[in-house]
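Welcome to this short briefing. Have a look at the structure below, and then we will walk through it topic by topic.

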Amino acid sequence: MNVIEIKNLTKSYGKFKAVDNLNLAVEKGIVFGFLGPNGAGKTTTILSMLGLIIPDSGEIRILGHDIFREPIKAKERLGFLPENATIYEELTAWRNLDFFASFYNMSKAEKEKRIEELLKLVGLWDARYRKVKTFSKGMKQRLLLAQALINDPELLILDEPTSGLDPEGAHLVKSIIREQRKAGKTIFFSSHILSEVEELADKVGIIVKGKLRTVGTLDEIKKQFMELEGYEIKIETKQALPEIEHPEIIRIEKLADNRAIIFAKSDIREEISEMLSSKGITILSLEIEEPSLEDVFLRTIYRRE
Ligand SMILES: Nc1ncnc2c1ncn2[C@@H]1O[C@H](COP(=O)(O)OP(=O)(O)OP(=O)(O)O)[C@@H](O)[C@H]1O
C-alpha cells in the first residue's frame, strides 16, 4: 500500500513553477529521503502534501485520504516537523507538548504517559519544566520532533530534521528515525546531507527545479546512473593487460602494477574475464566501481533534461 501518492502536482508562485508536474509514490514502512538543491521545491512539495498550500493542479493522497477533501482524517495519522518551526518560547517543554497533545483525542492519563515517554526519548526529561526560551537550538529541534510524534503517527514527515544540529543531536534524530521504521512507521524526510540520506533511506528521490529527476532504492539509482553515464570496471591482472576490444568499451585507463580502469557502456565483466582467460591472463580482481550518492546527486543536478 502507498502511504503517499502524488499525481501531477504543480505549484507556481506567480509565473515561477516551484513544483512542476511531480509524481511520487511512497510505500508503507520505508524511509524515503527527498533530496534536492536549495530552492528545488522540497518544502513546497511537503507543504502541499500536508494540505498547507493549495497547488495549481494535482492529486495528493496521504494514508489513503485525499489531503484536500479529508485533511483532518489524514492529519490525525501523521506527524510533521516543519523547517524553521516555531515553538512557544514562554512555555515549558512539558506545556508545549501538552498543548499540542490537546489537538488529539487522548485521555489525560494517556497524554501524560505519552509526553513522559517522548521527553525521555528525545533526552529532554530533565529539562521538562524549563521554559523553551532557555533551550539551545538542538534542544528545541528535539522538542519539535517529540511534538511531531505526539499522536504516535503512522507517517512522519520531516523537513530537514537535522539542520542546525550538532553531531550528537543529529545522531539522536537519526536513531529515532530508525526506531520508527522498526516499529513499522513510514518516514519521509528532506535533506541536503547526502551521507545522512545514504545512511537512512531505503528509497531516494531527487528533485531539481520542481521536477523529480530520479527515484528508486540506492542500488536502483546507482544502476540508472551507470547505465546513463557508463560503468567503471576496475581490473588487476597478474600479467600485463593485453589489448582488449569490445563494442561496449569506451576507453581504458592503464594504471601502475597491472591495474586498469575500463570505462564501458554496460557491465561486461563476464566477457572481459572470458577474453583474458583465453589469452592465459590471470585476473586478480575485477569489480565495478560503484558511484557514490554524491556522484549521482551532482550529475543529476547538472544534467539537462
Ligand atoms: N511563498 C513564496 N512566494 C514566492 N516564491 C516562493 C515561495 N515559496 C517558495 N518560493 C520559491 O519556490 C522555489 C522552491 O522553494 P522551496 O522552499 O520549495 O525549495 P526547497 O527545495 O525546500 O529549498 P531549500 O532547500 O532552500 O529549503 C524557490 O525558488 C523559492 O524561492
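A residue is called buried when its relative accessible area is under 20%, exposed when it is over 50%, and partly exposed in between. Asp152, with a relative accessible area of 43%, is therefore partly exposed. Keep in mind that this is a predicted model. The protein is divided into domain 1 (2-217) and domain 2 (224-302), and a search of the whole structure finds 28 salt bridges.

**How the two domains meet**

- The C-alpha centres of domain 1 and domain 2 are 41 Å apart.
- Eleven residues from domain 1 and eight residues from domain 2 take part in the contact.
- About 840 Å² of area is buried between domain 1 and domain 2, and carbon and sulfur atoms give 74% of it.
- On the side of domain 1, Leu194, Glu198 and Ile206 lose the most area to domain 2, together 47% of what that side buries.
- How many salt bridges cross the interface of domain 1 and domain 2? The rule finds zero salt bridges there.
- Two residue pairs are found in polar contact across the interface of domain 1 and domain 2, both at pLDDT 80 or more.
- On the side of domain 1 that touches domain 2, at least two residues each come from α7 (194-200), β9 (203-208) and β10 (211-217).
- Sorted by type, the residues on that side of domain 1 are seven nonpolar, two polar and two charged.

- Side chains of opposite charge can pair when their charged atoms come close.
- Asp152 and Lys185 form a salt bridge, and their closest N and O atoms are 2.6 Å apart.
- This pair links distant parts of the chain, 33 residues apart. Asp152 sits in the loop between α5 (137-148) and β7 (155-159), while Lys185 sits in the loop between α6 (167-182) and β8 (186-191).
- Is Lys185 buried or exposed? Lys185 is buried because its relative accessible area is 13%, which is under the 20% cut-off.
- The side chains of Lys185 and Asp152 are also joined by a polar contact of 2.6 Å.
- Leaving aside neighbours within four places in sequence, Lys185 is in contact with Gly29, Ile30, Asp152, Pro153, Glu154 and Gln180.
- Asp152 and Lys185 also belong to a network of salt bridges that links them with Lys113, Arg114 and Glu117.

- Arg178 forms a salt bridge with Glu199, with the closest N and O atoms 3.0 Å apart.
- Arg178 is in helix α6 and Glu199 is in helix α7, so this pair ties together parts that are 21 residues apart in sequence.
- Arg178 has a relative accessible area of 36%, so Arg178 is partly exposed. Glu199 is partly exposed too, with a relative accessible area of 42%.
- Glu229 forms a salt bridge with Arg299, and here the closest N and O atoms are 2.9 Å apart.
- Which helices does this pair link? Glu229 lies in helix α8 (residues 218-229) and Arg299 in helix α10 (residues 293-302), 70 residues apart.
- Glu229 is partly exposed because its relative accessible area is 30%, and Arg299 is partly exposed with a value of 44%.

**Helices α3 and α4**

- In helix α3 (residues 93-101), the buried residues are Ala93, Trp94, Asn96, Leu97, Asp98 and Ala101.
- What do the buried residues of α3 pack against? They pack against α4 and α5.
- Glu112 lies in helix α4 (residues 108-121). With 36% relative accessibility, Glu112 counts as partly exposed.
- Glu112 and Ala101 are eleven residues apart in sequence, and their C-alpha atoms are 9.3 Å apart in space.

Notes: Residues are numbered from 1 along each chain as its sequence is written. Side-chain values use heavy atoms; hydrogens and water are left out. Domain bounds come from an automatic or database domain assignment. Contact means heavy atoms within 4.5 Å. Buried area is the accessible area (1.4 Å probe) that two parts lose on being put together, summed over both. A salt bridge is a side-chain nitrogen of Lys or Arg within 4 Å of a carboxyl oxygen of Asp or Glu. A polar contact is a pair of N or O atoms within 3.5 Å; within protein, one must be able to donate a hydrogen and the other to accept it, and residues adjacent in sequence count only if both atoms are side-chain atoms. Helices (H or I, at least four residues) and strands (E, at least two) are DSSP runs, numbered from the N terminus. Ala, Val, Leu, Ile, Met, Phe, Trp, Tyr, Cys and Pro count as nonpolar, Asp, Glu, Lys and Arg as charged, and the others, Gly among them, as polar. Buried means under 20% relative accessible area, exposed over 50%, partly exposed in between (1.4 Å probe, protein chains only).
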